[in-house]
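User: I am new to this structure. Please take me through the labels and show what each one rests on.

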Amino acid sequence: MYDGIVQELIDEFGRLPGIGPKSAQRITFHILQTPTFDVARLAELLTDVRERVRFCEVCGNVSEQDRCAICRDPRRNPALICVVEDAKDVSAIERTREFRGLYHVLGGAISPIAGVGPDDLRITQLMSRLADGTVQEVILATNPNLEGEATASYLSRLLTTMQITVSRLASGLPVGGDLEYADEVTLGRAFEGRRTL
Ligand SMILES: [Zn+2]
């Protein structure tokens, strides 16, 4: 334990995801002891990111405008929609350069334990995007774990009545894992080898 404001900062960093007490302490002392550390720049970025960044009104990806860069890009194929849990998954898939369609971010996955049901996800928004017949294939790229599989099977049942091909990423992704941690080659192959449901 440290006195006053130093401990306050350590506690604050410790509340961030993936940062334990040791890392929180290390970051705090890095800020305190590094002469070149630009605190003003960091503080400004934190404020700006909260003010400027919102979520794309179409797909739910992070964006500084009403529509994200991917939705605004006329070179993307609007007949393909890749459904992911998080905006972080969009950037993981973009890194593979395998996919040239559009995305739909659900904002999580169905999890009875965590109390997350279909109504808590952006499923209604997905259905209205599919209504005009432009979309021919929906690729379900939810995480290869229990919640992700439950979400994928829920969506595939929902989509059976529509004239749309529904596919799921090929196996080969680490089971129980998170899409965002899969390496580019594995994720790229999972895309190429996706199977129709
Ligand atoms: Zn978008």
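Predicted model: local features only at pLDDT ≥ 70, side-chain atom pairs only at ≥ 80, totals over all residues.

User: What does the protein chain consist of in helices and strands, and how much is buried?

Analyst: The chain has eight helices and seven strands. Of its 197 residues, 40% are buried. The C-alpha atoms fill a box of roughly 65 × 35 × 35 Å along the principal axes. The accessible surface is about 12000 Å², and carbon and sulfur atoms hold 53% of that.

User: Which atoms coordinate the zinc ion, and what makes them donors?

Analyst: The SG atoms of C56, C59, C68 and C71 do, at 2.3 Å. Along the sequence their spacing is C-x2-C-x8-C-x2-C. C56 and C59 are both buried.

User: Why is the arrangement around the zinc ion called tetrahedral?

Analyst: Look at the angles. The four donor atoms subtend 104 to 116 degrees. For four donors, tetrahedral requires all angles between 85 and 135 degrees. The angles here lie in that range, so the arrangement is tetrahedral.

User: Why is the R52 and D48 pair called a salt bridge?

Analyst: Their closest N and O atoms are 3.7 Å apart. The cut-off is 4 Å, so the pair passes. Both residues sit in helix α3, residues 39–52, four residues apart, which means about one helical turn between them. D48 and R52 also belong to a salt-bridge network with E64.

User: How do you know that R52 and D48 are partly exposed?

Analyst: R52 has a relative accessible area of 46%. For D48 the value is 23%.

User: What makes R54 and D66 a salt bridge, and which parts does the pair tie together?

Analyst: The N to O distance is 2.9 Å. That is within 4 Å, so the label holds. R54 lies in strand β1 (54–55), while D66 lies in the loop between β2 (62–63) and α4 (69–72), so the pair ties together parts twelve residues apart in sequence. R54 is partly exposed at 39%, and D66 is partly exposed at 45%.

User: Which parts of the chain does the salt bridge between R76 and E94 link?

Analyst: R76 and E94 meet at 2.9 Å, N to O. The pair links distant parts of the chain: R76 is in the loop between α4 and β3 (77–84), and E94 is in helix α5 (87–96), 18 residues apart.

User: How many residues does the largest nonpolar core have, and which have the most contacts inside it?

Analyst: The largest nonpolar core has 40 residues. Those with the most contacts inside it include C82, V83, I93, F99 and L169. Several elements give two or more residues, among them α4, α5, α7 and α8. Strand β3 gives the most, with five.

User: Why do nonpolar side chains come together like this?

Analyst: In soluble globular proteins, nonpolar side chains tend to be buried together.

User: Which residues is L169 in contact with, beyond its neighbours within four places in sequence?

Analyst: Among them are I139, L140, L179, L187 and F191.

Conventions
Residues numbered from 1 in each chain as written. Heavy atoms only, no water. Salt bridge = Lys/Arg side-chain N within 4 Å of Asp/Glu carboxyl O. Buried < 20%, exposed > 50% of the residue type's maximum accessible area, 1.4 Å probe, protein only. Donors = N, O, S within 2.8 Å, 3.2 Å for Na, K, Ca; no water. Tetrahedral: all angles 85-135°; square planar, octahedral: opposite > 155°, others 65-115°. Areas by Shrake-Rupley, 256 points an atom, 1.4 Å probe, with all protein chains shown as cover. Core = buried A, V, L, I, M, F, W, Y, C linked by side-chain atoms within 4.5 Å. Contact = heavy atoms within 4.5 Å.
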